[in-house]
Number of protein chains: 2
Amino acid sequence: MHIICTQENLLNSINIVLKAVSTKTTLPILQCILLKTNDVGVTLVGTNLELGIESNLDANIIEEGTIALEAKIFSEIIRKMPSGEVELKLDVSNHMVTIICQKSKFKIASHEVSVFPKLPKIATTTEYSIEQCLLKDMIRQTIFSVSQEDTRPVLTGELFEIRDGLFNVVAVDGFRIAYRCTSVEGEMPDIAVVVPAKTLNEISKILLADPEEIKFYVDENHIMFDLGESRVVSRLLEGEFLKYQQVFSQDYETCITLNRKQLLMSIERAALISREGKKNPIKIEINEEQMVITSQTELGAVREELDIVLQGKRLNIAFNPKYLIEILKAIEEEVVVINFISSLTPCIIRPEIGNHFKYLVLPIRLKAD
Amino acid sequence: MHIICTQENLLNSINIVLKAVSTKTTLPILQCILLKTNDVGVTLVGTNLELGIESNLDANIIEEGTIALEAKIFSEIIRKMPSGEVELKLDVSNHMVTIICQKSKFKIASHEVSVFPKLPKIATTTEYSIEQCLLKDMIRQTIFSVSQEDTRPVLTGELFEIRDGLFNVVAVDGFRIAYRCTSVEGEMPDIAVVVPAKTLNEISKILLADPEEIKFYVDENHIMFDLGESRVVSRLLEGEFLKYQQVFSQDYETCITLNRKQLLMSIERAALISREGKKNPIKIEINEEQMVITSQTELGAVREELDIVLQGKRLNIAFNPKYLIEILKAIEEEVVVINFISSLTPCIIRPEIGNHFKYLVLPIRLKAD
């Protein structure tokens, strides 16, 4: 293998596949990036067996071949190289790869390429597509609600569901549900698969903040995202996801409308006293014209007042402030609506305008004090 | 105590004194910020017994008094408050302080103010002054060479020396010396004191990047920096500092002139292979027209070539790359000159233009391989 490419293109491809390279593993080959010549030029590959990423590199191929370089040192070398042409050349006699850029020359060892795992092939040609910026937003606005605990592995991922003309992304832990949807163009077969949160975190970093399309393909065990110059393949999570539709009730006894940012800042301040956790929730008192947030701990006491518009009954309720803060940060709209049934049942938070996003959170039961 | 001030001014004063507040201490009062009313308005004070900072706050005083608030929660509350007027009021019956800003109200406890340590008074009126941006630069360009080990405590600080019309700042560890000077205006009494690096790190963060003057005062045990609206008092380190002048020889056998940034980037790349440490130094070979940097370890091999102008003899020498990288980052000038005597004696690095800065570093002795 002997190729010439630019430092910028090579670094860009390295940075993409690096997201799938293991840093902690007992298999040394998983710490490597594979570079192989083919019809499109050169393809770089990284994988940790759960997640695999391929990226195309535009290169001048002088001699075909395949090498596997330890990702950490290889990426550091290319990152520190001056911009311009970089030459990579394998010496087959000793498996050493020479990297030359201007007057800088490195030699590092290529690992045995035959043991590098193959990325899974997707057993379908059914193609879904979505704007990259939209998918990025849908992930950002839900992923914080994914379960952090391994007791029910399926809840450590997000549901990707296509049905009734909607693409739904849903995250659930024991205390809350985040739901985001968008309408689907054309007739598409229904799907309901659970994608690991780790995969979605990594793909979010690759997704552009512009409306260019990303395609994805789903089979029984894997999902593959095709970004044109790069492809991400991930295994899916097994198990039954929560039947989330049933819990989003339309009923309410108390409905309030208020400014999102003011509410967020008041809860963030109240959380300074309550700190996180069940023992010291923030208490919310909903009156005709205002919401009063209070908390009292060994640190001191806080009282916050906010103007609201109330429909229905007054209510006293308590929450872990963390859950409210995360959702209020995920919403971009200026005004939010919150529906309550009682102080013991979940509330539903959504932007005042649109129905593409809703969020459910359980209250904390207060002692009868 | 009952005062009204703006959130912006209060936060600014808190952020300044916070730099002296202990985070880990067995004395709870040292985790507090003291606020006391006086002729200038209100003064905030933080201290960890080694370093103390006072800052003036422009406030409307409704009732005089003194309070001591736990710095962490107090600073977080003020940081999260909306901008505008903040009111602080002590209830003497229960030592609780009410903090009100718009519709947000906190109550936190004031600690016992009588146990808050007094800042030392400086027993001199002799005043030195220097531009803030210049002092900030002098600290930045030397402080990385301060000893990190407590075996000789005096070397964990920087020498502040005024003599022969120069203000010298010097840092020394076992392997290198960083020296920076500036000329002193007028006739000033000589001084030679050692200021703890921790103090200088904190004062650097307060110093402005503009030519406004800072005054300082020195007595036997303390140094006090007066920034107008705030004052920093620090104890001095005891012990004899290194006689640094004698080691900066003017002699050389090999003198090279080369581009600073190219040298820095080549050494940073070579350090990827050598990693830090005595076992794997970078080797430097100085020829008529070029410097060749090499390193070989289990990670691989590197060879870097750089154009130089040589006066004197060829030379082979080896260094810990960390020391060269830090100095080359501290210098701003485009071209540097390096003087060598032999492969076993220290080299001296300085910018080509000016003599306000020089740096000495010990080479690593290579095995006769």
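**Notebook: salt bridges**

I looked up R140(A) and found its side chain in a salt bridge with that of E332(A), at 2.5 Å from N to O. R140(A) lies in helix α3 (residues 132-140) of chain A and E332(A) in the loop between α6 (321-330) and β24 (335-340), so the pair ties together parts that are 192 residues apart in sequence. I note the term: a salt bridge is a side-chain nitrogen of Lys or Arg within 4 Å of a carboxyl oxygen of Asp or Glu. Helices (H or I, at least four residues) and strands (E, at least two) are DSSP runs, numbered from the N terminus.

The model is predicted, local features need pLDDT of at least 70, side-chain atom pairs count only at pLDDT 80 or more, and totals for chains, interfaces and linings use all residues. Residues are numbered from 1 along each chain as its sequence is written, chains are lettered from A and ligands numbered from 1 in the order in which they are written, and side-chain values use heavy atoms, without hydrogens and water.

R140(A) is partly exposed, at 35% relative accessible area; buried means under 20%, exposed over 50%, partly exposed in between (1.4 Å probe, protein chains only).

I then took K72(A), whose side chain meets that of E76(A) in a salt bridge (3.7 Å, N to O). The two are 4 residues apart in helix α2 (residues 71-80) of chain A, which means about one helical turn between them.

E240(B) is exposed at 58%, and K243(B) is partly exposed at 46%.

Over all chains, my search of the whole structure gave 37 salt bridges.
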